[in-house]
Amino acid sequence: MNPYVVPGLILVVLVTVGIGAYGLRFARTTSDFLVASRSVSPTWNAAAISGEYLSAASFLGVAGLILRYGVDVLWYPVGFAAGYLALLLFVAAPLRRSGAFTLPDFCQVRLRSPVLRRLATVFVVFIGCLYLVPQLQGAGLTFTTVTGGRYEWGALLVGLVVTANVALGGMRAITFVQAFQYWLKLTALAVPVIFLALQWQSDGRPAVTPPAGPVFSATTTVTFAEAATLTLPDGSQSRVAEGEERTFAAGAAVPEVSSVDDRRGADWLLPGGDTTLFATYSLILATFLGTMGLPHVLVRFYTNPDGASARRTTLVVLGLVGLFYLLPTLYGVLGRVYTPQLLMTGRTDAVVLLLPEAALGGGHLGQFLGALVTAGALAAFLSTSSGLLTSVAGVVFTDILHADRGGSVRDFRLATVLAAIVPMALSVYVADMDVSRVVGLAFAVAASSFCPLLVLGIWWRGLTDVGAVAGILAGGGAAMVAVLITVLGPPLSGWPAQLIGQPAAWTVPLAFVVMVTGSLVSKRRVPRDVGATMLRLHAPESLRL
Amino acid sequence: MDDVRNGAPVRRTRVVLGEAAARRPAPDPARADLAEQTPVGEALVKGLVRAQLALALRLSLVVVTGLGALPLLFAVAPAVGHAKLLGVNLPWLLLGLLSFPFLLGVGWAYVRWAERNEQDFTAVITRPEG
């Protein structure tokens, strides 16, 4: 095992706790915390938002998807970044001016409907849990890759650590901690990639897509988790049994494995391939419009002093997130050269963790950079899952356990544990799904429920509570069912698989249409104070009305 | 939440922004129109909302044509996928590298113009005769 990994992980945890403790000296009560947050510049705030947003799916999953499927999945990082543009154009400033802290709060402010508030709570909990699953998956995967232990132990271990942290208030969502995590994640990918590129140069620039298919760059032993058929480029086939080991010499062709779905040659390099236009556009809709509906993203906007600075913060986030997403692509591409065995085992999500040592050798440099990316991965799932769990537990606490009737610390801890159990169980169950795929599903649900609610609520006076409830039930409900079928149901094929596996292309328009129709039908229920609300959402604070 | 989590309940203090309130300028007609929801005020707010929405929609149209049309383009004209620039296939460059500065540029333009809309609105309210 790499001797730098454990000290690296301990260092990350110590620095995180250290910055947190330092920040706590200045923030003892809720109001202190808010005041302190409001003196924070848009740059710091934006780094904090980015730190919380860049999860295991971004850090590990995107590179893994690119290694496996090629150019078509570049829409994931583009969409993850573009989501902030949609947030900037349609939501950022008015949402900050509304004074809403969570999505259920926004329902209350805009439509004054307790029913809608409860429905929004259900969706926040569902999306939050769904988004937590891939974080724990990433943790399990990292644990397996680094220590060789069982996947389940890693997922459960990190799940327990995060739950304990949030429940005991050990790691609070302090701006400086999250901002530190952003720069750590960026460094952890950016520094190794410089050495990887230099190594690729000095190896004589081996082709990423050799004409005869990928080849092993070094002698490699592959262990097969399940029985499969191997097909070599010349068409010859052989069978391997479960648990069998095979050793391939350097320069040997990488066989295709029947149990792993991946792409080779032109399918990988060129757009189109097996991906239909429907699936691509569905993914684009889900990621572009889903970001604004993620529970842990909205909470952070409250820390901006006013609407104009909320806008500037979002712009900086767009820059920081875009900068980060330049890097995973390079890992995915270089993974084709240095870690092609992942195409045979299907554990492509591990490419970021394995690439430094595979390309630079087991010397001190390779081991050190390997430890750096592992530390970055730890930062990724710690920051995102703590932020998510805090916001989900907060909603469970106020809206489900009815804390307004005298909530206690014990109730908040109970809420945290409740919010953590389901994702932990699910993460063990869906172990073999791609991390970024599961995240894509969470985006689809957010885009078909909260995106129409926010956009119509902010820009259209005619929205009513009846229309909003109907739209969320129709669009969000349909997306929710599709997700449940994908995760828990039997494998599908053909058109049903497309419609269910990437539902956003039909559930988002459905939600908008139902919400508008429902509001037009129930015109008499438009809140009487809608004019005052609109004034509050859109007028600049400098008027001091 | 934090108030109770620390154990002892935190005493609430009322903060009065006395000086800020005292320095507030004398109410002018347009400001009163806004605050009291008169038809004139309503029309002013509607104008602002419409201007901001039109700006957001125009810029999303830029993104839809700039980025959203790419999958269709790749499907209709596969030759674009084969084209190479600096040894890299064009779709990789467009999506993996150039899309991010493009998004940032659109965002930057939006922030500029949205703030200008708000300044125009403030100017109308504070100097109705000008």
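The following questions and answers concern how terms are applied to a predicted model.

Author: Residues are numbered from 1 along each chain as its sequence is written, and chains are lettered from A and ligands numbered from 1 in the order in which they are written. In this predicted model local features need pLDDT of at least 70, side-chain atom pairs count only at pLDDT 80 or more, and totals for chains, interfaces and linings use all residues.

Reader: What is the mean pLDDT of chain A, and where is the pLDDT below 50?
Author: pLDDT is the predictor's confidence in each residue, from 0 to 100. The mean for chain A is 83, and 91% of its residues reach 70 or more. Over residues 29-37 of chain A the value is below 50, although this stretch has twelve contacts beyond near neighbours in sequence. Where pLDDT is low, the predicted coordinates should not be read in detail.

Reader: Why are helix 10 and helix 17 of chain A called roughly antiparallel?
Author: Helices are DSSP runs (H or I, at least four residues; strands are E, at least two), numbered from the N terminus. Angles run from 0 to 180 degrees between N-to-C directions, and axes are lines fitted to C-alpha atoms, for helices over the stretch in contact. Under 35 degrees counts as roughly parallel, over 145 as roughly antiparallel, 65 to 115 as roughly perpendicular and the rest as oblique. Helix 10 (residues 175-202) and helix 17 (residues 364-400) of chain A pack at about 150 degrees, with axes 9 Å apart, and are therefore roughly antiparallel.

Reader: Which residues of helix 3 and helix 14 of chain A meet?
Author: Two residues are in contact if their C-beta atoms, placed from the backbone, lie within 7 Å. Those of helix 3 of chain A include A:Ala46 and A:Tyr53, and those of helix 14 of chain A include A:Arg312 and A:Leu320.

Reader: How do you know that strand 2 of chain A pairs with strand 3 and with strand 5 of chain A?
Author: Two strands pair if DSSP finds at least two bridges between them. Strand 2 (residues 228-231) and strand 3 (residues 237-240) of chain A have four, in the antiparallel sense; A:Ala228 stands opposite A:Val240. Strand 2 and strand 5 (residues 256-257) of chain A have two, also antiparallel, with A:Leu230 opposite A:Val257. Both pairs therefore meet the definition.
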